[in-house]
Amino acid sequence: MFENLLNVSDLHVRFPTDVGLVNAINGVDLSINSGDIMGLIGESGCGKSVLGLAITRLLQEDAIVNGRINYRGDELHALDKKTMRQIRGKDIGIILQNPGTSLNPVIPIGKQIAEPLVIHQRMKRFAAMDKAVSLLERVKIREPEKRAKEYPHQFSGGMKERALIAMSLANESEFIIADEPTKGLDVTVKKNIVKLLKEIANKKTMLIITHDLAVAEDVCDNIGVMYAGEIVEIAPVERMFSEQLHPYTKGFFESLPARGLKPIKGNSPSLIDLPEGCRFHSRCDHCTERCKKEHPPMIEHEGRHVRCFLYA
Ligand SMILES: Nc1ncnc2c1ncn2[C@@H]1O[C@H](COP(=O)(O)OP(=O)(O)OP(=O)(O)O)[C@@H](O)[C@H]1O
Ligand SMILES: [Mg+2]
């Protein structure tokens, strides 16, 4: 086993647009050990999905990517497209955000699960269909044989999410990225998906992107918090939930419905024109002159990491 299965260092992602370059990821460092479940939280637009897509090289062609993404010793962004496709089909699975749009509406669910098996594992079609049915069973879809022949519109939101999870399991990947696996699901369905994720997490390494703190707390070993395209705090899950260090993390926790719904003052910065100094300074009650000018590095504080001069 590799200690660090995934090592992202100094990753930058920019998107050229009509109004300027969007700095979506700004120097992300992230390591995930084999067997670990890393949770990534942060408000909408902070770059969580872009990070997941960058790791799997699923970003649009014109995205500008700099930095390193090392997976099991391979620099993913240096690989040719074919090798990368094989890695995606075999080693890294991704459950994309929005099950509605990640499933093809005109292809039966079973066939969509079977297809990658035919392509990447050269399975015969009927064997791949058998496996698709057993995967649907594994994610606890009832009457899987019948359901495999149905189209996405015949599936509920929770079932679509399960189908996507089945797809990510199809190749027996050791590393799975799940982007908002519980978004838009009602409480009972969510509980079942969380249970399923935990079962999977038992045997795999995962990066789980979520808005939902309860899901993060329940499933993950470590939590990273993102703000304006960078990681501002990272800690083991119990420590993150018992004490938040970064003023943004504190504000983010308090802004959530379960914890008081107290919004953070101000707005997140424009990603086209990033502020100098700490990206959070204009919204922070602890802001000093230094915070306005100097960009804080990741600082080690009592064995965890936080990007804030309060702990320097
Ligand atoms: N193709 C693109 N072109 C331009 N900007 C983009 C593109 N994709 C993403 N962005 C921008 O990058 C930023 C990060 O987007 P991302 O989708 O990663 O956010 P997120 O943290 O996943 O948000 P959410 O929680 O809403 O899913 C956003 O400001 C978004 O508008
Ligand atoms: Mg997202």
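Reader: Which polar backbone atom is 2.9 Å from an oxygen atom of ligand 1?

Author: A polar contact is a pair of N or O atoms within 3.5 Å; within protein, one must be able to donate a hydrogen and the other to accept it, and residues adjacent in sequence count only if both atoms are side-chain atoms. Here the backbone atom belongs to Val 50. Polar side-chain atoms also reach oxygen atoms of ligand 1, from Ser 44 at 2.4 Å and from Lys 48 at 2.8 Å. This is a predicted model, in which local features need pLDDT of at least 70 and side-chain atom pairs pLDDT 80 or more, while totals for chains, interfaces and linings use all residues. Residues are numbered from 1 along each chain as written, chains are lettered from A and ligands numbered from 1 in written order, and side-chain values use heavy atoms, without hydrogens and water.

Reader: How is an aromatic pair read, and how many are there?

Author: Rings of Phe, Tyr and Trp (its six-membered ring) pair if their centres lie within 6.5 Å; planes under 30 degrees apart are stacked, over 60 edge-to-face, and the rest tilted. The count is six aromatic pairs. One of them, Tyr 227 with Tyr 248, is tilted, with 4.5 Å between centres and 40° between planes.

Reader: Are Tyr 227 and Tyr 248 buried or exposed?

Author: Buried means under 20% relative accessible area, exposed over 50%, and partly exposed in between (1.4 Å probe, protein chains only). Tyr 227 and Tyr 248 are both buried.
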